[in-house]
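Me: I would like to learn how to read a pair of packed helices. Please take me through it step by step.

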Amino acid sequence: MSPHVLVLGGTTEARELAAALTARAAVRVTTSLAGRVARPGPVDGEVRVGGFGGVAGLAEWLRAHDVSAVVDATHPFAAEITANAARAAARTAVPALVLRRPGWRPGPGDDWHPVDSLDAAARLLPRLGRRVLLTTGRLGLAAFAHLTRPHFVVRSVEPPAPPLPPHVDVVLARGPFTVADESALLREHRIDVVVTKDSGGAATAAKLTAARELGVPVVIVRRPPLPPGATAVPDVPGALAWLTSELGLGQGEDAATP
């Protein structure tokens, strides 16, 4: 029987890993999507949508579908999913890996203000600016809903749901964005502070360059920690190497890369 890899997806890396694995005839891959985006991008291999029902539900799914390995390639801030995956894998003795792209690092000229949560970002904002670009995702806006003085520009792939801040403009857009795009957005809306999560990667990093060039401070929410003892790699080649070792794939099959 071919090894069965469950990829917990929703990121570019998850799609790249699924494509690389499905190119191998000896591997079956299923990508699980949370279903929070109405029109997700195409994914190679089998796809399931929706939650598992917590640790017990995921553990049962791993057993029922003879999963050989789990790769958690979810967003760096999907802490609950990551924790559930670690516990379910431990409960079923299924090898598990976390695939996380590296976080951003400040460079010369950056004016960054790291915080540990969206609530902490909201507390810091009144000291930094009055016109705020929020790029923290549509599900965390309640943390800012009580702020009545700043004017917010919320950028989201899909329309955000209430509660929202009282003074808000919504910009619906999907990245990646160029530095020119981001600079134009900051100038058009007279943004004087940016709030973002440390998602890492190049697709959404242009706003950081634009903010640096325009002298705009950035509030960056730190990532939640990985579960204790988690095995992690920063990229798809690392995940492929780990899977090759765990599943005993032949060297010929290891040649496929995204």
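Reply: Two packed helices are described by the angle between their axes and the distance between the axes. Here, helix α5 (residues 179–188) and helix α6 (residues 206–214) have axes that come within 8 Å and cross at roughly 55°. That makes α5 oblique to α6 (under 35 degrees is roughly parallel, over 145 roughly antiparallel, 65 to 115 roughly perpendicular, the rest oblique). Axes are lines fitted to C-alpha atoms, for helices over the stretch in contact, and angles run from 0 to 180 degrees between N-to-C directions. Helices are DSSP runs (H or I, at least four residues), numbered from the N terminus.

This is a predicted model, where local features need pLDDT of at least 70, side-chain atom pairs count only at pLDDT 80 or more, and totals for chains, interfaces and linings use all residues. Residues are numbered from 1 along each chain as its sequence is written, and side-chain values use heavy atoms, without hydrogens and water.

Me: Which hand does the crossing of α5 and α6 have?

Reply: Right-handed (the near helix is turned clockwise from the far one by less than a right angle; anticlockwise is left-handed).

Me: Which residues of α5 and α6 meet?

Reply: From α5, Val-179, Glu-182, Ser-183, Leu-186 and Arg-187 take part. From α6 come Ala-206, Lys-207, Thr-209, Ala-210, Ala-211, Glu-213 and Leu-214. Contact means heavy atoms within 4.5 Å.

Me: At what angle do α1 and α7 pack?

Reply: About 45°, for α1 (residues 12–22) and α7 (residues 236–247), with axes 10 Å apart. That makes α1 oblique to α7. Their crossing is right-handed. Among the contact residues are Leu-17 of α1 and Leu-240 of α7.

Terms used:
Helices (H or I, at least four residues) and strands (E, at least two) are DSSP runs, numbered from the N terminus.
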